[in-house]
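These are my notebook entries on one protein structure. I record below what I looked up, entry by entry.

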Amino acid sequence: MDVLTKDLLVNFLLMILPLLFIQIVYFYSYHNRLQNKEGRLAAIFPAISILLCLSFPFTINEGFLWDLRAVPIVLGTLYGGYPMGIFLTIVALIIRALLGGDGVLISTITLLLIWILYFIFMKRFQRSHIPGKILIGTSLVSFLVICNLALSYFIFDVLMPIDVWITFTIINVTGLVIALILWEIIRTNFLILNDLIRAEKMSVVSHLAASISHEVRNPLTVCRGFIQMALQDGRADQNQRYYLDTAIKEIDHATDIINDYLTFAKPATEQYTVIHIHDEITHSVKVLQPLANMNTVHISVKNHLHNDAMLKAERKQFQQCLINIFKNGIEAMSDGGTLTITLSQHLLGCTITVEDEGYGMTEEEVNRLGEPYFSTKEKGTGLGLMVSYSIVKAIGGSIKVFSSKNQGTRFEITLPVHRE
Ligand code: ADP
Ligand code: MG
């Protein structure tokens, strides 16, 4: 192997090394529920790659450095977006300027020129699957490399042998393909791990639900009955009535939790019937009216559904699902406000939009919705939304949540409409 290839392979190793640390970023972002920000965080490592590449280049002509920096610059920008692109371009330019030589001018021109291509291809890259990403990535790297070589020739008359041109371009392109695939593998592994942890938690919950809930509910009902009898007996004094009332309240609370568990554990698809969506909404709103009055919340229902908009679902479960979501909205507005429920129909089904003016959630909180036991309330169970999500999923619908802190929250439940 000639010296050039050897040098470039060392460079290649240095370029790829920081990429392996990206796993740390993914882990960190999972741990802190920053699922949407890892792209920005992960792009810090290309900066280290650029530094390492530029520290060990190979030189044929004085003042010109040949290395694989194009790969981390292009990949980092494409994955990290424009702000990271600006950051990486500046890092590359500063380090290159510190090293000096005629090559600085060439680097500056090419690194600025390639921004035209970033503007054209960035969006497309982020939407593409792996083959598309490889195609865009290799084109951009080839552009950088060939521009560098050509400008060195035209401006400074630096002519490299044709076989060096070819080796250099091939190693750059190969470097990009390998780095890109590695990045994708790391990302996919992490997404799978994420799902696995979630699935594990869910299965623990449903096992618990099935085995314990039933056994506990019956004795609780008996207890409640006897306490009720003691109350109605009339012999209890003021204090004792208070004790008994509190006992009943707490038993009801416990029963609520168990009911949540049971609806979660039993998907019961075989009991599906065809139900009127608007009727179920009206019923659920009626159930929650006392709670709304207590919180001075006004519930406004806007129905834009066709008269015959039906849904195939289990009535009680569907009501439970709606009640959980409405209830959260009302609870979020402890100082009053309006809960707006809008029903709209479109080609693929119908959408129930539930909008409150409450305290809202941070991005991290939104990402955790539907996770068992996630609750920010003092007396919350963190089971309500888990139940709602699993019911909607069983019906074949989906839920989207939009929220910002202190501004309110919007739940969009999309459901398939049943057709005869
Ligand atoms: P719980 O209501 O028992 O806390 P849920 O599963 O119903 O459990 O809700 C989980 C968490 O999601 C709540 O504790 C709250 O932090 C958040 N949340 C849900 N809906 C809303 C909403 N409309 N506004 C603000 N926060 C909400
Ligand atoms: Mg709730």
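Which residue forms a salt bridge with Lys377? I found that the partner is Glu331, with the closest N and O atoms 2.6 Å apart. I took a salt bridge to be a side-chain nitrogen of Lys or Arg within 4 Å of a carboxyl oxygen of Asp or Glu. Glu331 belongs to helix H12 (residues 315-332) and Lys377 to the loop between helix H13 (363-368) and helix H14 (384-395), so the pair ties together parts 46 residues apart in sequence. Helices here are DSSP runs (H or I, at least four residues), numbered from the N terminus.

Basis of the entries. I noted that the model is predicted: local features need pLDDT of at least 70, side-chain atom pairs count only at pLDDT 80 or more, and totals for chains, interfaces and linings use all residues. Residues are numbered from 1 along each chain as its sequence is written, chains are lettered from A and ligands numbered from 1 in the order in which they are written, and side-chain values use heavy atoms, leaving out hydrogens and water.

Further salt bridges. I searched the whole structure and recorded twelve salt bridges. One of them joins the side chains of Arg235 and Asp233 at 3.0 Å, N to O. Arg235 counts as exposed because its relative accessibility is 70%, whereas Asp233, at 44%, is partly exposed. I used these limits: buried is under 20% relative accessible area, exposed is over 50%, and partly exposed is in between (1.4 Å probe, protein chains only). Arg368 pairs with Glu371, the closest N and O atoms being 2.9 Å apart. Arg368 is partly exposed at 25%, but Glu371 is buried at 7%.

I read in UniProt, in an unreviewed entry, that "transmembrane region" is listed for several spans, including residues 12-29 and 134-156. Such annotations may be inferred rather than shown by experiment. Residues 12-29 are 72% helix and 0% strand (strands being DSSP E runs of at least two residues). Residues 134-156 are 100% helix, with end C-alpha atoms 32 Å apart.

Domains. I noted domain 1 (2-197), domain 2 (199-268) and domain 3 (271-415), with bounds from an automatic or database domain assignment. The centres of domain 2 and domain 3, taken over C-alpha atoms, are 24 Å apart.
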